[in-house]
Every structure is written in C-alpha cells, then in structure tokens.
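Me: Could you walk me through the side-chain contacts in this model? I am new to it.

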Amino acid sequence: MMNETSTKLLIVDDLPENLRALNALIRESDRSVYQASSGEEALALLLEHDFALAILDVQMPEMDGFELAQLMRGTEKTRHIPIVFVTAAGKEMNFAFQGYESGAVDFLHKPLDINAVQSKVNVFVALHQQRSETRRQVQALEHSRQQQEALLKELRATQAELQRSLRLRDEFMSMVAHELRTPLNTLFLETQMRTVNLERGNLAAFEPDKLNKMVARDGRQIRSMVRLIDDMLDVSRITSGKLSIRRVAVDLTSLVRRVADDLAPYAATTGSVLEVMAFEPIQGFWDAFRVEQIVVNLISNAVRYGQGQPVEISLAHTQNSAVIEVRDHGIGINARDQERIFDAFERVIHQDRTGGLGLGLFITKQLVDAHGGAITLQSQPGNGSLFSVTLPLAGS
C-alpha cells in the first residue's frame, strides 16, 4: 500500500521486467514508487500525485519519453518535476542532447550503474524533502502571521471597546452626577428654607396646604432619585446575567390603565393627556413588576418627547400574543438614531432635551427580550413615534 506521506517516485517503461528491476533498485521505506507502462498512464499519475522525480524510458511505443517530457514541461502541475531519461540505445544516437533539450536533469544509459542510479535518486529525494519542508515552514509561518494579524485585529477591537467603555463610564458618571444633583439641590434648598423659617418662628410657612405641597415636592424628588438608582441596578443585573423573570397570571388591561392613571399627573405637567384604548381584559403569564416597568418607560418616554401632545396607549391581542402600542406626536426620531436608541446610555438629543441617563429604552428592550417578546419602533422626525411591544401570552 502506498504511503501518502512518503516521497513519491515515478518510473515509466513499456517493459515490465525493466519496471520491476528499477523499482527494486530505488525503493526504500520512506518512498512510494509508482509505475507506468505508457506515456498516457504516466500522465494520469502525474496529474494526481506530486512526484520528487520521474524516470522515463526514452524508447516507448505510441508516446516516447521525449514527447512525455515535453507534455510535462507544458503543464503547470508537472513542469517542476525533475526528469531523468533512461535508454538502451548507444551513445552514438546522441539521445542525451535531445534529452537535455526536452528538460531532463540527467541521462542514464543501460546497463545501469546501480550505485550511480541510487546516488542520483537519493539526491533528488533529499532535494524534494527539503523543498517540502521549506514549503511546510513557509505555510506554518504564513499561518502564524495570519494568527498574529487576527490577534492584532482582536486586540485593536478590544482596545477600541475598552476606550469606548471608559468613555461611556466617564459620560455615565457625569450624567449620574447631573441627574442626582437636580433633586438633591431641590431638597437641600427646601431644607434650608424650612430651617430658616423654623429659626425665625415663621410657623405660617408650615400651614397644612403649604406643608402638603412641601411633602409632594419632596416625594417627587425622592422618587426621581429612587427611579435613577433602580435603573442603574437593573442595568447591573442585565449585564451580569442576573435579571430574573417571575411569571404570574396578569391582567394586562388593568395594569396598563393603573400605570396610565399614576402617570397622568406627570403628563399634565407637560400639557399632555394620556389616552388609553383598552376595552377588554387581556390575560397572560408575565412578570407583573417588569411589565409595569416596560409600560412606565414607554409612556414616560412618549411624554418627555411628545411636546405636550396627547399620548395614545392601545392594547390588542392575537391568538398567542398581547400587543402594547404607545404613540406620541412629538419630535420623532431620525433613522440614524433609531439604530442606537435601544443601546445603553443612548439618548435622543433635541435642543435642550438631554435629561435622563438613556437607560429607559435599553432596559425596556432587555425586559421585553427576557419575556420572549419583541419591540419595534416607527418614527419620522417631526411626526412622533410609535413603539410596539409584543409579549407572548404564555411563558416558555
């Protein structure tokens, strides 16, 4: 059986006894000797294998050794194979000159000198093995170079991602400081004013109607900070893979109406009203707290960018899913921003509207995904936005 990893030699002669003799002469354990009794048979083997040497008999019927050599030199796959001619004709025939013209590297006359033949074959086998080893080393170097390029590319990408992360961290810390400063400053000023009124004995400043307003203002500022902290905690849970969904039976219609009622006063401060279009119960298995977050974030986002126009919240359902749609008639979102609006810390910047950490829609999408649902956006600048959330009725 031929060994595909050994050095391959080809011998071509029309006489079987010559093939047997030459085969025995040049065969060794690290070599595979292929035999052909005609030029056509030799060509078929030459196109299939990579030979270290071809030993061709000159005088063969139909296609002689010189013709075979010319065909070999005219073919890309075989032109590099060294050729040694063998002939029984006398030296006066001047075959050697014709052989070298045909591209031979050597010319042998019969009867063959055993030592000379073995020595010549050994040289060509060694050269072929050296070329193969060099080729293997070049391929290994090329593979190593490609690996290094891939690693360098990965390193550059990692470095760019690290720089982006550092930039986002700095921007995030700046935004957190800004968002926390506003309610804290308000609480601090309120506290100072109350302290001054108490020191001056101005108890009229604490009459029931004024005190109720103070408490309401304090509550708004505290809720703003709590919401900010909750958003940051949710992002931490999402990025660490610790966000959990606890499914229970939920009446989505009741949940949406309750959230809209709670957010109506906030909407009123912008001149907006919330219009809920949900006329029949929609039951499903969801995490009620997380679904409430989804609805709160969508409505709050619509109010913030709705320019005081009405915000429409509608519910519908298919056989397997519930659909929540929140539409505003505000500034809208251009196509470029739509591609990034669901990423963390991304915000639509419009004139002075840069409030918030840019976490609401990111968290919303993650919560929708965690329920096995989908969220889509349709929007054009100046024509408002429509967010659609689809939630499977049954938990997987």
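Predicted model: local features only at pLDDT ≥ 70, side-chain atom pairs only at ≥ 80, totals over all residues.

Me: Which residues touch the most other members of the largest nonpolar core?
Reply: They are L252, L274 and W286, in a core of 43 residues. A nonpolar core here is a set of buried Ala, Val, Leu, Ile, Met, Phe, Trp, Tyr and Cys residues joined through side-chain atoms within 4.5 Å. Buried means under 20% relative accessible area, exposed over 50%, and partly exposed in between (1.4 Å probe, protein chains only).

Me: And what does L274 touch?
Reply: Leaving aside residues up to four places away in sequence, L274 is in contact with A260, L263, A264, A267, I299, V303, V311 and I313. Contact means heavy atoms within 4.5 Å. There is also a second, separate core of 21 residues, with V12, L56, I81 and F107 among them.

Me: Why would such side chains gather inside?
Reply: In soluble globular proteins, nonpolar side chains tend to be buried together.

Me: On to charges. How many salt bridges does the structure hold?
Reply: It holds 17, a salt bridge being a side-chain nitrogen of Lys or Arg within 4 Å of a carboxyl oxygen of Asp or Glu. One of them joins the side chains of D13 and K110, at 3.5 Å from N to O.

Me: Where do D13 and K110 sit in the chain?
Reply: D13 is in the loop between β1 (7–12) and α1 (16–26), and K110 is in the loop between β5 (106–109) and α5 (114–199), so the pair links distant parts of the chain, 97 residues apart. Helices (H or I, at least four residues) and strands (E, at least two) are DSSP runs, numbered from the N terminus.

Me: Is D13 buried or exposed?
Reply: D13 is buried, with a relative accessible area of 6%. K110 counts as partly exposed, at 25% relative accessibility.

Me: Changing topic: how many aromatic pairs are found?
Reply: A search of the whole structure finds three. Rings of Phe, Tyr and Trp (its six-membered ring) pair if their centres lie within 6.5 Å; planes under 30 degrees apart count as stacked, over 60 as edge-to-face and the rest as tilted. F66 and F85 have ring centres 5.0 Å apart and planes at 70 degrees, so this pair is edge-to-face.

Me: Which elements hold F66 and F85?
Reply: F66 is in helix α3 (residues 65–73) and F85 in strand β4 (residues 83–87), 19 residues apart. F66 is buried at 4% relative accessibility, and F85 is buried at 0%.

Me: How are the rings of F342 and F387 arranged?
Reply: Their centres are 6.2 Å apart and their planes at 90 degrees, so the pair is edge-to-face. Both F342 and F387 are buried.

Conventions. Residues numbered from 1 in each chain as written. Heavy atoms only, no water.
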